[in-house]
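Here is a guided walk through one protein model, from its overall form to single residues. Please keep the structure in view while reading.

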Amino acid sequence: MPSSTPAPASLEPTSPTSAALRIAVLGTGRMGLPIARRLHAAGHRVHAWNRTRAKAEPLQDLGVQVHDSPADAVQGADIAVSMLENGPVVGEVLFARGAAAALRPGALFIDMASIQPREAREHAQRLAALGVAHLDAPVSGGTVGAENGTLAIMVGGAAQDFARAQPVWAPLGRATHVGAHGSGQLAKLANQMIVGIGIGAVAEALLFAAKGGADMAKVREAMTGGFADSRILQLHGQRMVERDFAPRARMAVQLKDLRNALDTAQDIGFDGPITALLETLYAQAVAHGLAELDHSGLFVELAKRNAMS
């Protein structure tokens, strides 16, 4: 993240109050772990589950109860928050591993994973039949945003459920209600289209300048403040200049998001030729062994094409 990113808010737990909620966090990987920590620090009674229990166990030192099954974690929860890998995994945890049946009627399930809009709508319908409310609430901001409580949260679902989830949004970042079920996922896919396309544009432009003999770092600096300036130029462009492709958001995840966008485009009858081109480039980069690089590592694929690696 840029150096101007706000410092993390204090993670010292507040004293529980009558407003404290029982919140289950399902999935405590790179994003879920700091989300659980921040919800606990806000004074909520947090219960956690992760497929690999060892990844959730660091939360026990904070007083978070770690469970062996998702159904146990959500027992009695006011709100369950999931940060799982993809739509099929969310569906498995909810409906095959018993989490949905274990949620009490009137509870709220907030899915913060990035999945396809149609999957979010299907999950909402199935949960509604059990008396459980649903919000799809994917995020942008990466692990640093999760740690700092500065996530951009795009939320689809009923307005009243968005409002009652305010105790969850407050410690995590800025939430915006964008429409009905599935709309949060549409917003996240649009976000990822812009990010993926933008990374490609910045990488190609900087390599173009360098190939012609210009100083890549100075070209990036010269663009600052002009119409080509952007957060992607500032953040990912700097990573490209420094050849720093340690994963913050992985190439494989960017490819997944672009493919989800194209699948959704087909569902709604939308032609996205620019997204399709970038999906091809990311797919080639992943096929060439770059899957675990940061998504700005598309630069490496384009550099190889130009004998600049």
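**Overall form**

The protein contains 14 helices and nine strands. The model is predicted. For a chain of 309 residues, a compact globule would have a radius of gyration near 19 Å, and the protein has 20 Å, which agrees with that expectation. The C-alpha trace spans about 65 × 45 × 35 Å along the principal axes of the protein.

Of the 309 residues, 50% are buried. If contacts between residues at least 6 apart in sequence are considered, 67% of them join residues at least 24 apart.

**Strands and their partners**

Two groups of paired strands can be followed here. Strand E1, residues 22-26, runs parallel to E2 and is joined to it by five bridges. Within this pairing, Val-25 stands opposite Ala-48 in E2. Strand E2 covers residues 45-49, and four of its five residues are buried, which leaves the strand mostly covered.

Strand E8, residues 151-156, has five of its six residues buried, so it is largely enclosed by the rest of the structure. E8 pairs with strand E7 (residues 139-140) in the antiparallel sense, over two bridges. In that pairing, Val-139 is opposite Ile-153 in E8. With strand E9 (residues 173-179), E8 runs parallel, and six bridges join the two. Ala-152 has Arg-174 in E9 as its bridge partner.

Where is Met-83 found? Met-83 sits in the loop between strand E4 (79-82) and helix H3 (87-96). Its relative accessible area is 14%, and because buried means under 20%, Met-83 counts as buried. Leaving aside neighbours within four places in sequence, Met-83 is in contact with Leu-26, Gly-27, Met-31, Gly-32, Ile-35, Met-112, Ala-113 and Val-139. Another, Gly-27, is 56 residues from Met-83 in sequence, yet the two C-alpha atoms are 5.1 Å apart in space.

Asp-161 belongs to helix H7, residues 159-164. With 11% relative accessibility, Asp-161 is counted as buried. Residues up to four places away in sequence not counted, Asp-161 touches Leu-108, Ala-133 and Leu-135.

**Two residues with positive phi**

Which backbone angle draws attention at Arg-243? Arg-243 has a positive phi of about 55°, although it is not a glycine. Arg-243 is placed in the loop between helix H11 (231-242) and helix H12 (251-268). Its relative accessible area is 46%, so Arg-243 is partly exposed.

Ala-307 likewise has a positive phi of about 55° and is not a glycine. Ala-307 is found in the segment after helix H14 (298-305). Is Ala-307 buried or exposed? Because its relative accessibility is 68%, Ala-307 counts as exposed.

Note on methods
Residues are numbered from 1 along each chain as its sequence is written. This is a predicted model: local features need pLDDT of at least 70, side-chain atom pairs count only at pLDDT 80 or more; totals for chains, interfaces and linings use all residues. Side-chain values use heavy atoms; hydrogens and water are left out. The radius of gyration is taken over C-alpha atoms; the globule rule is 2.2 Å times the number of residues to the power 0.38. Buried means under 20% relative accessible area, exposed over 50%, partly exposed in between (1.4 Å probe, protein chains only). Contact means heavy atoms within 4.5 Å. Two strands pair if DSSP finds at least two bridges between them.
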